[in-house]
Structure formats: C-alpha cells, structure tokens
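Please look through the sequence and the model below. The paragraphs after them go from the overall make-up to single residues.

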Amino acid sequence: WRATTNRYSSLTCDAWVSWSGWYRLFIQGQSVQMPDTCVPENSCGTDAPLWLSGGHPAVEDGVVTRDVCGHWNNDCCYFQSNPIQVKACPGGYYVYEFVPTPFCYTAYCAESSSEALTMETTTMETTPELSTTE
C-alpha cells in the first residue's frame with residue numbers, strides 16, 4: 001500500500017507504528033527505496049505522503065540523517081516529519097531507521113509501479129532483529 005502509485009486504498013498512518021530497527025523496503029519481492037522527490041498528494045495510501053528530502057547517500061557516506069517532507073495543500077514540504085537515518089548498503093539497496101510520524105494521515109512512501117508492499121527489518125551492529133509486515 002506504500003507504493004507511490006497507490007492512490008485508491010483506505011487511509012493509513014505511520015504515527016501509530018512502533019518502529020524498531022532498520023527497514024528495507026520491498027514491493028512484490030523487489031527491493032525499492034523511498035522517493036527523494038515530491039510525491040503527489042493522496043498517494044502511498046495516505047493523505048500526505050512522506051518522501052526523503054536531501055537525496056540518498058552513497059555507500060561511503062555511511063549512516064546519514066535526512067529530513068522527511070509531506071506533500072499537502074499543493075506544497076511539497078508542507079509537513080516536515082522528524083528526520084530519519086538512511087544507509088546505502090553494498091548490493092545497491094538502502095535501509096531506513098524510521099520514526100513515528102507526527103500526526104495522521106502521513107505515511108512513508110516507496111517508489112515502484114506496484115501496489116503490494118512488505119517491509120522487512122534488517123540489522124546493523126547490535127540492533128535486535130525484528131520482522132514485521134505492514
């Protein structure tokens with residue numbers, strides 16, 4: 001439901017999610033990433049879709065902090081969520097340390113042309129492994 005192409009599902013909200021650890025995004029088994037450009041309002045199964053401001057890091061950048069913007073009222077960064085941690089991993093994918101969003105209805109987006117999404121936690125250093133399906 002987090003896909004940028006999903007404009008017609010019931011509303012979801014990440015303010016109620018207890019995020020724990022690092023997450024890699026998948027849509028139908030394919031690794032995807034958060035969009036790093038503005039996403040249309042009412043996408044990603046929510047009213048104000050969240051996208052990564054500042055772009056994705058390179059592997060050599062290590063863990064970086066990025067701002068998250070929510071598109072609403074024809075303003076691509078009308079809502080600013082709490083910053084998140086992002087890491088580029090060898091193998092060409094990214095992991096994200098998500099935090100709860102400040103209110104509903106906002107949710108993190110994933111870039112793909114598909115609508116089915118699962119999220120799988122990955123571990124780094126001493127972070128306990130946890131698997132969830134959202």
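In strand 5, lysine 87 is the bridge partner of valine 63. Strands here are DSSP runs of E with at least two residues, helices are runs of H or I with at least four residues, and both are numbered from the N terminus. Two strands count as paired if DSSP finds at least two bridges between them. The model is predicted, so local features need pLDDT of at least 70 and side-chain atom pairs count only at pLDDT 80 or more, while totals for chains, interfaces and linings use all residues. Residues are numbered from 1 along each chain as its sequence is written, and side-chain values use heavy atoms, with hydrogens and water left out.

The protein chain has eight strands and zero helices. Of its 134 residues, 47% count as buried; buried means under 20% relative accessible area, exposed means over 50%, and partly exposed lies in between (1.4 Å probe, protein chains only). Among contacts with a separation of 6 or more, 65% are between residues 24 or more positions apart, where contact means heavy atoms within 4.5 Å. The chain exposes about 6600 Å², and carbon and sulfur atoms supply 46% of that area. Accessible areas come from the Shrake-Rupley method with a 1.4 Å probe; for residues, only the protein chains shown count as cover.

Strand 4 and strand 5 run antiparallel and are joined by eight bridges. Their hairpin has two residues between the strands, and asparagine 73 there takes a positive phi near 55°. Asparagine 73 is not a glycine, and at 51% relative accessibility it counts as exposed. Strand 5 also runs antiparallel to strand 6, with five bridges between them. Here alanine 88 stands opposite tyrosine 94 in strand 6. The hairpin of strand 5 and strand 6 has three residues between the strands, and glycine 91 in the turn has a positive phi of about 110°.

The largest nonpolar core has 20 residues, of which Leu25, Met34, Ile84, Val86, Tyr96, Phe98 and Tyr108 touch the most other members. A nonpolar core is a set of buried Ala, Val, Leu, Ile, Met, Phe, Trp, Tyr and Cys residues joined through side-chain atoms within 4.5 Å. Strand 1 (22–27), strand 3 (48–53), strand 4 (63–72), strand 5 (75–89) and strand 6 (93–97) each supply at least two residues of this core. Leaving aside neighbours within four places in sequence, tyrosine 96 is in contact with residues including Gly21, Leu25, Met34, Leu52, Ile84 and Val86. Glycine 21 lies in the segment before strand 1 and counts as buried, at 10% relative accessibility. The C-alpha atoms of glycine 21 and valine 95 are separated by 9.7 Å, although the two are 74 residues apart along the chain.

A second, separate core of five residues includes Val39, Cys44, Trp51 and Cys69. Cysteine 44 lies in the loop between strand 2 (30–32) and strand 3. Cysteine 44 is buried, with a relative accessible area of 0%, and has a positive phi of about 60° although it is not a glycine.

On the surface, Leu11, Trp16 and Tyr105 form a nonpolar patch with about 350 Å² of accessible area together. Such a patch joins nonpolar side chains (Val, Leu, Ile, Met, Phe, Trp, Tyr) within 5 Å, and like charges are joined within 9 Å; patch residues have over 30% relative accessible area and no salt bridge. A salt bridge is a side-chain nitrogen of Lys or Arg within 4 Å of a carboxyl oxygen of Asp or Glu. Tyrosine 105 lies in the loop between strand 6 and strand 7 (106–108) and is partly exposed, with a relative accessible area of 32%. A cis peptide bond, with omega about 5°, joins cysteine 104 and tyrosine 105.
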